[in-house]
Amino acid sequence: MKSKHALAFGIAAALALPFVAGCRSQEGAAGADRTAAATLVPATTQTEPTASGETNAAILVRDDADPARAQLIATAALGGLETYGVDGKRVATTAAGEVAALDIASGVRLGGGRVADVVAAVDTTGNFLRLFQRTGEGLVEVGARPLPLGFAGEGICLYQHRLDGSLHAFIVGDGGEVDQQVIFDAGDGKLDARPVRRISLPSPLKQCVVDTNGHVFASEEAVGIWRFNADPEADVSATLIDAPRLGHIEEEVSGLAVHDGGEGHQWLFASDATAGRINIYDRAKDGAYLGSFQVSAPGQDAEAVKEPGLLFADSRPLGTDFPAGVLLVNDEDGANTKLVSLAAIGKALGLDPGKPVPAAAPPKVAAVTARVETVPAGSYGDAADDPAIWAHPTDPSRSLVIATDKKAGLYVYDMQGQVVQFLPDGKMNNVDLREGFDLGGRPVVLVTSSNRTDKSIAIYVLDTDKRQLVNVADGVQPTGLGDPYGLCMYRAAGSGDTYVFINGDDTAMRQWRLVPTTDGKVRAEHVRDLTFDSQTEGCVVDDASGTLYVNEEDVALWRMSADPASGDVKTAVARVADNPAMKDDLEGIGMYDLGDGRGYLVFSSQGNDTYAVYRREGKQEYLGSFAVVADPARGIDGISETDGLEVTSRNLGPGFEHGAMIAQDGRNVMPVENQNYKYVSWEDIAKALGLEMR
């Protein structure tokens, strides 16, 4: 089972506060005066008061075929949800308990080719998440089961991942919780959700909103406005945008909303509730303050909403009254929702709201999912790093994965991801293996690993019957490297000699021949030194052609001869600067063998969490990239920040009959726990990119 761990913002807050203070000091008194003198903007229209006399949030539901048929859905305390026309008239009521907050995601791709508008609500009667679909008849609840939150939810915002379209909900809570859940199709027209990660702040949160750039903004009432990454496979990267006493917030921040009017017109609205005004920030300029305004009832220019509550913005034109979109402002005292024209706000403050632009097309990266994940590494932090694969020749289901914990030792996993053996032999960074090594007159599976504890080459035999590693090193085999990193092995097709390459942190790479001793041990004989201009790590050898491939992390994938007598001439196969689909660091690399010298090179583009595929033979063209995304139904998250990987075309048993890529996952979430390894079927990769299978 996965154990939950909170991600704290303490360090980020300490780093971000000087930025906020700096913004205030740069604007000086003029900035303070502009904040105090907030412009009054009358609402164009407002809804009737709710039947219960209470409300705290509202969303807009569009009808793109007929904008005049757009509707508002507002909370009504124990009265559930009420639906209004844009003229403010109530048209329907939906039982939904006592909803504290709600949000909508349009055009969500569900199973079976279904596309739907999904509404998510936080019901405080039992503190659980409720899911609805918007249909022509109204709201229909489609949750597959009760979805308890385990805390007092205050706000919710939805986010659709640009890569795979997956729908995520962020629920913020009274105890400072930021709970991220992924919503998925559970079949039979029902939706389910699964926890992804928990981020914790020290005080209550009120609302959150996600922009088109994948940033979540959350209002911590007495602290300020936070921004962090919505993608659970990315760094949290928390930044404080504004704060009471240090910026432009008087005391408490409440509601948030975003406006996307194209480049140069990306706003963040924040309710400075205590001051009775709404602030505007420039999201494209790290949250630079643009001005403030107050909201009054339609046709009034004297009395403003005392404490504007939760906000919701839609940047698309909505008839002649809202040519640049609409901002919904909750008015608790009036028990209604004010509809404010974004064009009117822009005119009042001398700001151009711009024009909405079509949503950016998803990047041209294929998305696949892992079928299996391993038990997490025992060490915390950056621990898992690199795997090697042994395919059982007669019973593929009994194949094994050998993988490193670079803080503790070596794991042997089975094809279900369970631990078969753990050897606490040192800080093992990379690992590789070769079959058919002659030791004592019998062929064995030889395994080597770079041991950073004693800076040595660790050498083992894999006992395939007992499914265990046995140390056969002839004493400590020193590398002479300051910190040995990457490792790969090579078996020469002609001589049958077996070699190991190891690189270190000083741009050096060394090659050793592995030699059996008379007493059944193995020693390493140094045969060659290679030098690169910067850090290298991932490497693989094509035994059939005798070609060594090395990833120089920030520069290129290099090709050179694996023959120790061949010198150090190298040729670039792929340069980071030449392929926009790749982003440094280039890390782990593996080779898929189709036979007859054909196949594919696969390596991790760590900077954008993707994997590049190049042809093994001929001109070695770039064939495309793929990412490994989450599979909520299986409960397996995606892969990010990969260090090491391995690829094989051999049969590894059910689900992996055509081979697999096995890769280290640098951020293991859903929920958060120690790093591990993911098993991706080559069949899935091949289908996604139109590649061959063996």
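A search of the whole structure finds two disulfides. This is a predicted model, in which local features need pLDDT of at least 70 and side-chain atom pairs count only at pLDDT 80 or more, while totals for chains, interfaces and linings use all residues. Residues are numbered from 1 along each chain as its sequence is written, and side-chain values use heavy atoms, with hydrogens and water left out.

User: Why is the pair C157 and C208 called a disulfide?

Analyst: A disulfide is a pair of cysteine sulfur atoms within 2.5 Å. The S to S distance of C157 and C208 is 2.2 Å, so the pair counts as a disulfide. The link is left-handed, with -110 degrees about the S-S bond. C157 lies in strand β13 (residues 153-160) and C208 in strand β17 (residues 205-210), so the bond ties together parts 51 residues apart in sequence. Strands are DSSP runs of E, at least two residues, and helices are runs of H or I, at least four, numbered from the N terminus.

User: What makes C488 and C539 a disulfide?

Analyst: Their S to S distance is 2.3 Å, and the limit is 2.5 Å, so this pair qualifies. The link of C488 and C539 is left-handed, with -115 degrees about the S-S bond. It connects distant parts of the chain, C488 in strand β38 (residues 487-491) and C539 in strand β42 (residues 536-542), 51 residues apart. Both C488 and C539 are buried.

User: Why is A335 called buried?

Analyst: Buried means under 20% relative accessible area, exposed over 50%, and partly exposed in between (1.4 Å probe, protein chains only). A335 has 5% relative accessibility, so A335 counts as buried. A335 is found in the loop between β26 and β27, and its phi is near 55 degrees, a positive value in a residue other than glycine.

User: How do you know that R245 is exposed?

Analyst: The relative accessible area of R245 is 68%, against a cut-off of over 50%, so R245 is exposed. R245 also has a positive phi, about 70 degrees, although it is not a glycine. R245 sits in the loop between β20 (239-242) and β21 (253-260).

User: Why is D333 called exposed?

Analyst: D333 has a relative accessible area of 61%, so it passes the cut-off of over 50%. D333 is in the loop between β26 (326-331) and β27 (336-341).
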